[in-house]
Amino acid sequence: MAIASSGIGTADIETASAYDVERVRADFPLLRQTIEGQPVAYLDNAATTQKPQAVIDALVRFYTEDCSNIHRSVHRLGERATEQYEAARGKVRTFLNAASEREIVFVRGTTEGINLVAQSFRSRLAAGDEVLITGLEHHSNIVPWQLACEATGANLKVAPLNEKGEVDLDAYRGLLGSRTKITAFAHISNALGTVNPIEEMIRAAHAQGVPVLVDGAQAAPHLPLDVRALDCEFYAISGHKMYGPTGIGALYGKEKWLERLPPWQGGGDMIRSVTFEKTTYNELPYKFEAGTPNIAGTIGLGAACDYLQALGRERIARYEQTLLAYGTELLCGVPGLRMVGTAAEKAGVLSFTMAGVHPHDVGTVLDSLGVAVRAGHHCAQPVMDRFAIPATTRASLGLYNTRAELDRLAAGLRRVGEMFR
Ligand SMILES: *Cc1c(COP(=O)(O)O)cnc(C)c1O
């Protein structure tokens, strides 16, 4: 599919044409690969996604034509690199609909974005204060807060999940209070696929004057996003989960909050002036970007934003919903299979157990059939504990997956059932 990489406005381009998944697949060179004589059925998108040619080209172009360090360069390679790096910031701003590029900080990924906020927030936490998260968080939205709490004497509070893997909203509201200094939760759970009602959760937090961080790692590839409409204080995304490169992501922060928080890493580029007596910090967003960043990755992330915008995030979401419904029905017909995570609002994640078979064995048999899934706790051990299981097998969907691939998954699972009977 020919996706223009420039001139795309704020609105996703919606065409009347049906979603042509074969044309989309042609954009992803890795998908042409065969495993055991079959085209690879890549169903591990919640761990990382494959990259379209446009993203690969952006990386190669930077290294072959424009490679240079950014900011304060007197030569034209440096100017070109800086221009492209800052243009990528504009693309991420548009992608999230942030008010200003000053609100977009480049980081290594969602993990680093959350660590930035959790670390900087220590200056605002004291003994007895509370940080509120939920029971479905990825480890990267648990551990940074535990570290902040340990360092300050604050307490970590956790809103529980119901049997379907949804956050208990009443419990969540009940845990918000005058001691709550910040709340952080996933937009979409990587382990269960649950889409949190984040608009309601943000409103509830704001009613108590509590700032909100949203872990958007799983939402960025699946949903149209608008941080201004959401009104959250912080929103973190990872490039590699949204068809962009690894090692790059972005943290959105409301300007007022980014101004308020102290820097968390010191080094080049984040300063205005340095003497041994005193250092003054650079303006936003550079205050939070110490050292030479992942320049190529940033440009690649910009290309991934362009790609998703051009394909149309509404269309992608609609297509993935039909795939999810198809896959759910198929898998529920597999003998011995139990779905884990059955929220009313779900994104493309099929997490399950098979009676009497270890998830790793399920994954290994599927791999021998050219079907790539993940087995384990998915960096969400508390979610596994909640359902009293050590692990699940997880098939996670992306914009290039097909019904035929889900048919192969289901056939493979029937085979697993027969092998281990
Ligand atoms: C992948 C993921 C993260 C961590 O992202 P990194 O890119 O590994 O930093 C955090 N939260 C969720 C929900 C994720 O899926």
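This is a predicted model: local features need pLDDT of at least 70, side-chain atom pairs count only at pLDDT 80 or more; totals for chains, interfaces and linings use all residues.
I traced the strand order first. Seven strands form an open sheet, ordered S4-S10-S9-S8-S7-S5-S6, and the pairing is mixed. Which strands sit at the edges? I found strand S4 (104-107) and strand S6 (155-159) there, each pairing on one side only. On average, neighbouring strands of this sheet are turned by 20° against each other, ignoring direction.

S4 pairs with strand S10 (residues 249-253) in the antiparallel sense, over four bridges. In that pair, phenylalanine 106 stands opposite alanine 250 of S10.

**Helices on the sheet**

I then looked at what packs on it. Helix H4 (residues 110-120) touches S4, strand S7 (180-186), strand S8 (212-215), strand S9 (234-238) and S10. The direction of H4 makes about 155° with that of S9. Helix H5 (residues 143-152) lies across strand S5 (130-134), S6, S7 and S8, and runs at about 145° to S6.

**Strand S9**

How many residues of S9 are buried? I get five of its five, so I note the strand as mostly covered under the cut-off of 20% relative accessible area. Side chains in a regular strand alternate between the two faces of the sheet. Here Phe234, Ala236 and Ser238 point one way, Tyr235 and Ile237 the other way, and all are buried.

I checked both partners of S9. With S8 the pairing is parallel, over three bridges, and valine 214 stands opposite tyrosine 235 of S9. With S10 the strands run antiparallel, joined by five bridges, and phenylalanine 234 faces glycine 253 of S10.

**The ligand**

I listed what surrounds the ligand: 13 residues, the closest being Thr111, Asp215, Gln218, Ser238 and Lys241. A polar side-chain atom of threonine 111 is 2.5 Å from a ligand oxygen atom. For aspartate 215, a side-chain N or O atom lies 2.5 Å from a nitrogen atom of the ligand. Glutamine 218 has a polar side-chain atom 2.6 Å from an oxygen atom of the ligand.

**Helix H11**

Last, I did a length check on H11 (residues 313-332). Its 20 residues at 1.5 Å each should span 28 Å, and the end C-alpha atoms are 28 Å apart, so the two agree. Buried residues in H11 include Arg313, Arg315, Tyr319, Glu320 and Leu331. The buried residues of H11 pack against several elements, among them helix H3 (76-96), helix H10 (295-311) and helix H14 (403-419), as well as strand S13 (337-339) and strand S14 (349-354).

Definitions and conventions. Residues are numbered from 1 along each chain as its sequence is written. Side-chain values use heavy atoms; hydrogens and water are left out. Helices (H or I, at least four residues) and strands (E, at least two) are DSSP runs, numbered from the N terminus. The expected span of a helix is 1.5 Å times one less than its number of residues. Buried means under 20% relative accessible area, exposed over 50%, partly exposed in between (1.4 Å probe, protein chains only). Contact means heavy atoms within 4.5 Å. Two strands pair if DSSP finds at least two bridges between them. Axes are lines fitted to C-alpha atoms, for helices over the stretch in contact, and angles run from 0 to 180 degrees between N-to-C directions. A residue is near a molecule or strand if one of its heavy atoms lies within 4 Å of it. A polar contact is a pair of N or O atoms within 3.5 Å; within protein, one must be able to donate a hydrogen and the other to accept it, and residues adjacent in sequence count only if both atoms are side-chain atoms.
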